[in-house]
Amino acid sequence: MQLEVINLRVVFNKAMILNDINLSLNKGELVGLVGPNGAGKSTALKAISGLIAWRKKVSKGIIGGDITIDGLIVFNGERIDEMPAHKIVSNGLVLCPERRKPFREMTVLDNLLAGAFLERKKVKIKENLDIVYQLFPKLKSRTRQISGTLSGGEQQMLGIGRALMSQPRLLCIDEPSIGLAPIVRAEVFEKIMEINKRGISILLVEQEISTVFKMTSRNYVISSGQIITEGTSEKLLNDNVIRKTYLGM
Amino acid sequence: MSILVYLRRLFVTIKEEIIILPTKVITILFILFLLVLPVILPDSYLMRVLILAAIFAMLTASWDFLSGFAGQLNFGHALFFGVGAYSSALFNLLLKIPPAGSIPLSGLVAVLAGLIIGFPCLRLKGIYLALTTIAFPIILTGVVNALPGITGGELGLSGLDKLTGSRIGDYYIVTLLMLGSCTVMYKLTQSNVGIIFHAIREDEVSLKVSGINTTKYKLLAFCLSGLFAGIAGGVYAHFMRIAGPSTLSVSTSFTIIIYAVFGGVCTIYGSVAAVYILFPLMEVFQLLPQFRTLFFAAIVLIILLYMPSGFIQWIIDKIEKTCSRCGHKNHALRKICRFCERPFKYY
Amino acid sequence: MVVDIIISTLINGSIYSILAIGFSLVFGVARIINIAHTAFYMLAAFCIYAGTNSFGLHPVLAMGAAIIFVTILGLASYKLIIEKIRVHPAATIIATIALAMIFQEIMILNFGAEFLSVPVLVEGFTVVFGVKITYQQVFTFIFMVILLISVWFLLMKTKLGLAIRATAQDRETANLMGMNESMIALVTIGISVGFAGFAGAIVIPLTVIHPHMWLSPLIIMMAVVVLGGLGSIKGSIIGAFIMGLTEAIIVFLLPMGSFLKGSVALTILIIVLIIKPEGLFGVSIEGE
């Protein structure tokens, strides 16, 4: 078991966003986390990667009210729920955030190098850079471009590439298809499969269920902060209630 | 007959709305105290301190109106004050207009100043705006110093007409003016215009999309704030009988901001209360003049560390609580809300 | 005349750019509008005065001590005061104003409100086109250029610089890259205050020291930051030299020049902003 989340609970100002979530992920798996808008998918990823705890520390309960986090998150046999976000990254759990969030005023290369912040060996950085460029050849031709001026698809690739520079063992990707044209989405999903084949486990949050279910080995369906069910894509699609109620297909 | 109805209504309002809420009781008592004080204690020095406090309260409230409510962070509010002071001095000295005319006129000149600085500031936001507004009073200071023939240079213009003949007369005029203008500002912030100001601060783009001409409202905020600050400046000039470059100084702007934050931004009443607390306190430190500013800064720092949302707001939070269901205010000792009877839980 | 203007521009411009870069770094990384920034510059000057006069230190030693002392003081005031109220932007501004006032008052209490001066480090002068240029001026300018280059190198070529730039743009995402955001904020503040102290230390032999000497550079520094575009280092440097040049021209050419220098410089700032609200080199990227 590479990642295990036990009874994760996140409360924003008395509103329960995540209600005792349990999920787990084996090494090398590609697991989907699907559900309707506002189900708590992104919050779950943010809680796992330590961003919620960071926000709690920074806002001190003054901006956006109180935040409570509860539960156990174990990654590679180590508890990470009390670790600061930047330490979690060094353990190999990397989040590629929603809406890709590139450092908009920096060049593509600087963005990628920012991803490699924790790696000290220059050779290793060069190696990883080559891997990313090989995966996303488009980025290579835009090395010196300011990333804010890239197109949406290129920004998404930059986001994933930047996350890869951090040498993840588990990569969490939050809604990679958001705001992208169908043809670009297909390309992004293809790349995600390719990354998975390199032995990096992936936890994928998506709304585009039809594509995701073709890729993933297992899926969790989340709604109103609770895990409704889990299982392989076929099993979920064969269950009429689940399919109609939560997947809308 | 109808008088009785009004009296009854007044009585009911007092009983139902005012006595119940400690903040309202304190406000009423404070106003009564201000009005009665000269009768009980006609001390000339005390009057002087309170008159200056009233002037600065007006000025600080006008800053809060512009920067707190409309979100147009103004670091150079002394501009309006200085423009008011200088223009009423010039009206009075050159055109021989008495204070009753020169003070309103100075308010109008400050409105003009508001329009002039509002125009370039319309396109700026946040810190850019804050750092730009700081420039305006300094530009004007330079002009004032460069034209000693008209403005008196570094010494300023002196020998203005007195506000009224007597200290008590001055006191009542200034205090009533302060109460009136702060009430107007407070009521404005509670009105529809106030809602639009709030919205400009929170999200201007959404407001524009909703079909509201934000430019107009931003200019309105600059003008109204300028009007009250200009009047404060005019009154100050006539009371001190001098209009000097110190009215335009950076430290005047900073002091106003300190008062407002001390009281709690975005409240109007907070600014007024803060000035009436801090200004007399500063006078106490006058005994040790070399430590005065040091004490002032230290107090502000300590207050900020422990009550970052402002001293007045901190006190209000202690004596009042808001029902989380119906949003009505209750005094802190109540167990259930006085409107919807929802119990206040303690977590 | 022309040489005078050039010298004055170069020296003032380089001081303003060092101050402006430090100020905008702290704003970028920690979102703190540090009004006390130039107060640290003033403190460094007083430290050197005290070091050389009261303790009899060698000027160079005093300079080093002053820079270290000011940096530590800056870090301490961040840790003890600013960090606790950083969530409230308004309170942070007031706190830095209050800090600046406290420093100013303590200096008045200790040294009085008189004008003081310290001896120059390098004696002697040379004459260029009939204008006297002291070696101290040349020395100051060279040091400032070295400092500017090292700032640029630090930000653009080192890992720390990359982290600072990344944090300045998006604190949350910087965390996801493994950057310790609060540590980087602390380091940035140290660097920024250290540079302010350095600028103060280098420049005081050319000027007079008094407790209010932080106000006018503060205003010009803020103008430079806005003029060049917040967060743009190139913008800060060019903006600083524009401001320095304007000031120099006004002082040397207009009769009431020294009164008007700030006014004209700031008027230029406002004109630029009316035309280009994000400053000369600010990147206008719509937020999400």
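## A pair of facing residues

Let's start with A:Cys172, which sits opposite A:Leu203 of strand 8 in chain A. Keep in mind that we're looking at a predicted model. Strand 8 of chain A covers residues 201-206, and its partner here is strand 7 of chain A, residues 170-174. The two run in the parallel sense, with five bridges between them.

## The sheet around them

Zoom out and you'll find an open sheet of six strands in chain A, ordered 6-7-8-3-9-10, with mixed pairing. At the edges are strand 6 (93-96) and strand 10 (226-231) of chain A, each of which pairs on one side only. Going from one strand to the next, the twist averages 20°.

## Helices packed on the sheet

Helix 1 of chain A (residues 41-48) packs on this sheet and touches strand 3 (30-34), strand 6, strand 7, strand 8 and strand 9 (218-223) of chain A. Its direction makes about 145° with that of strand 7 of chain A.

Helix 8 of chain A, residues 182-197, also packs on the sheet, with strand 3, strand 7 and strand 8 of chain A as the strands it touches. Here the angle is about 155°, taken against the direction of strand 8 of chain A.

## Where chains A and C meet

Now for the contact between chains: chain C puts in 19 residues and chain A 28 residues. On the chain C side, the elements giving two or more residues are helix 6 (159-169) and helix 7 (171-176) of chain C. Helix 6 of chain C gives the most, with six residues.

What about the residue mix on that side of chain C? It divides into nine nonpolar, five polar and five charged residues.

Note on methods: Residues numbered from 1 in each chain as written. Chains lettered and ligands numbered in written order. Predicted model: local features only at pLDDT ≥ 70, side-chain atom pairs only at ≥ 80, totals over all residues. Pairing = 2+ DSSP bridges. Helix = DSSP H or I, 4+ residues; strand = E, 2+ residues; numbered from the N terminus. Axes fitted to C-alpha atoms, helices over the stretch in contact; angles between N-to-C directions. Contact = placed C-beta atoms within 7 Å. Nonpolar A, V, L, I, M, F, W, Y, C, P; charged D, E, K, R; others polar.
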